[in-house]
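I opened a notebook page for this model and listed what I wanted to look up. The entries follow in the order in which I made them.

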Amino acid sequence: MALQTTSVGAVPVHRSLRRVRARRMRPAHAGIAWLFVLPFVVIFAVFTAVPAATAVVLTMTDIGVADLRDPFGVNFVFLENFQTVLTAPDFLRSALNTVIYVGIGVPATMAIGFLLALALDSGIRRARSVFRAIIYVPVIANIVAAAVVWQYAFTLNGPINSFLADLGIVGPNWLGTPTTALFVVLLLTIWRTTGTCMVLFLAGLQSIPEEVHEAASLDGAGYWRRVFQMTLPLLRPTTLLVTVLMSVMYLNIFEEPFLVTDGGPLGSTKSVALWVYEQFGFGNMSNAMTGSIVLLLGVLVICVIQFRMLRPKQ
Amino acid sequence: MNRLHVVRESGLYLALCLVSALMLLPFAWVAFGAFKTQGEFMSNPGGWLPESFANLDNFIVLFTEEGFGPYLVNSIIVSAVTVLANVLFCSMAGYALAKLPFRGRGLLMGCVLVAMTVPYVALFVPQFLITVQLGLVNTLAGIVAPMLVMPLGVFIMRQFALSIPDELLEAARIDGAGEFGIFLRVFLPLLGPAIATVSIFTFLASWNSFLWPLVVAQTEEVFTLPVGLATASQASNTTAYGLLLAGAIVVLLPVLILFLFLQRYFIQGIAATGLK
């Protein structure tokens, strides 16, 4: 290296050094690097970037199903669609339902997932991986298959009401009553997301050094006090990640209400995503697109809040 | 103190067994219900075991009358193409993002992270419009196309590539190997565990994908298993439970078998989202 830097004469030493190093580090051509990322770039552009841009533009037009073959024939109506959508009673109902899904589902799933992770991490000594696997199985189960089971289990004469009848209780018409239908849909969602929370919390808990626990218990702090005053603050990054993941998921909840109740009865389980799908099915492309943009804005807000919360501590 | 500990641990085992039972209960209903006749559902709605596990009528009807054979073939094609494409394309992108310095790399990494965050539900309408323009509606190609290079796969490959020492690649470069040669002969062979993780999770994502195939597939010839099952479920007025639960088994079984043998790769995939 020293030999090379002295042999370049007029060129300032530090610049030539950087150039030599750059040539050694840099493979033949930057174009080759772009060849490697080309498939990702193409698919990202065609199926993420362009659709996102299209949505932003088309949401300001009166696009309908007739315009599918000729998207340039649409008329610009600017923010009229937002006005239409945000004042439509069925959209507002589905927005309220979605807030309920997020408001109940996210804290419930996270609490159950955290308690299970805690039990697996520090409560028991054997069969940890068995329990972890069993609790994780619903995550990989196909949602259509799961929804079929849910419909079967909660029908009027299904196994759940038969079980309740054995106990002398007359079971409700689960899927035909607004509040119980919402509960059944939430139960399915919690069932299939708890495993994700548990695995992520468990990974977070296992990254806390053993010495921290020992020091705290030498101090004589009780178990729950240690959990609240030591474990939870140390888990902050994991908790934030899980909160964001779960919030984005519950905000976009679609399959569960679509498959179990089809949004009913009387729109009591319809989510915003399901409303978008229905508008899409009716051919109201501008409404569907505007609903999508509302969902995207929701995701954006969640992400901004996450970054805000991360900033002060780091 | 010690006795208290034992009591507490036993209580926890009991609670975990209860939770596990609740988690597995739906699978038990599927496994038992798929072998029941319609009469059994009517006469004994609370019953557990079927009269005979040798009653395969539901499966026979499923494949002869309900068209699940072609759905199964479509699902296998979609998953196979998705897994192969992702293993190749994600490792290529991961290699470049981790090991090749080039302008725009930071921006591309940002694109990967954004694409990981944006939920597919929020974009399916404009994606459908693009698919119409490309002439891919109602084709298997249209179902597969958006899944060919999944951002989480690129992210996992990049994280793994970062852990491979530069000196290894550098040595091959000094020996005069080209970038593609290095990628194929030095990089890919070191990528075993990452390839397993990406294969598993892209298989899972494509096999279980529902909304996009539902939107793109418009006639039965291009239905995948989940779309076929959902259509059957909505058409049957939800009364032919034996048939539907048998369909559920067909959809669930491949994933459950894989999970049984390759559990750790599944869990690595989900833990990878927490790597950031």
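How many residues of chain A are in contact with chain B, and how many of chain B with chain A? I found 89 residues of chain A in contact with 94 residues of chain B, where contact means heavy atoms within 4.5 Å.

Ground rules. This is a predicted model, in which local features need pLDDT of at least 70 and side-chain atom pairs count only at pLDDT 80 or more, while totals for chains, interfaces and linings use all residues. Residues are numbered from 1 along each chain as its sequence is written, chains are lettered from A and ligands numbered from 1 in the order in which they are written, and side-chain values use heavy atoms, with hydrogens and water left out.

Interface. I looked up the area buried between chain A and chain B and noted about 8100 Å², with 79% of that from carbon and sulfur atoms. Buried area here is the accessible area (1.4 Å probe) that two parts lose on being put together, summed over both.

For charges, I noted 1 salt bridge across the interface of chain A and chain B, the rule being a side-chain nitrogen of Lys or Arg within 4 Å of a carboxyl oxygen of Asp or Glu. A:R125 forms a salt bridge with B:E9, and the closest N and O atoms are 2.5 Å apart.

Which helix gives the most to the side of chain A that touches chain B? It is helix α3 (residues 30–58) of chain A, with 21 residues. Helices (H or I, at least four residues) and strands (E, at least two) are DSSP runs, numbered from the N terminus. I sorted that side of chain A by class and wrote down 67 nonpolar, 15 polar and 7 charged residues. Ala, Val, Leu, Ile, Met, Phe, Trp, Tyr, Cys and Pro count as nonpolar, Asp, Glu, Lys and Arg as charged, and the others, Gly among them, as polar.

Chain A. I noted 15 helices and 0 strands. Of the 314 residues in chain A, 51% are buried, meaning under 20% relative accessible area, with exposed over 50% and partly exposed in between (1.4 Å probe, protein chains only).

Rings. Rings of Phe, Tyr and Trp (its six-membered ring) pair if their centres lie within 6.5 Å; planes under 30 degrees apart count as stacked, over 60 as edge-to-face and the rest as tilted. A:F254 and A:F258 are stacked, because their ring centres are 5.1 Å apart and their planes are at 15 degrees. Both A:F254 and A:F258 are buried. Ring pairs join A:F254 and A:F258 into a cluster with A:Y277, A:F280, B:F124, B:F128 and B:F210.

Backbone. Most residues other than glycine have a negative phi, and most peptide bonds are trans. I noted a cis peptide bond from A:G264 to A:P265, with omega near -10 degrees. A:P265 sits in the loop between α13 (255–260) and α14 (272–282) of chain A.

A:A127 has a positive phi, near 60 degrees, and lies in the loop between α5 (89–123) and α6 (128–140) of chain A. A:A127 is partly exposed, at 38% relative accessible area.

B:N138 also shows a positive phi, of about 60 degrees. I placed B:N138 in the loop between α6 (124–133) and α7 (140–144) of chain B. At 24% relative accessibility, B:N138 is partly exposed.
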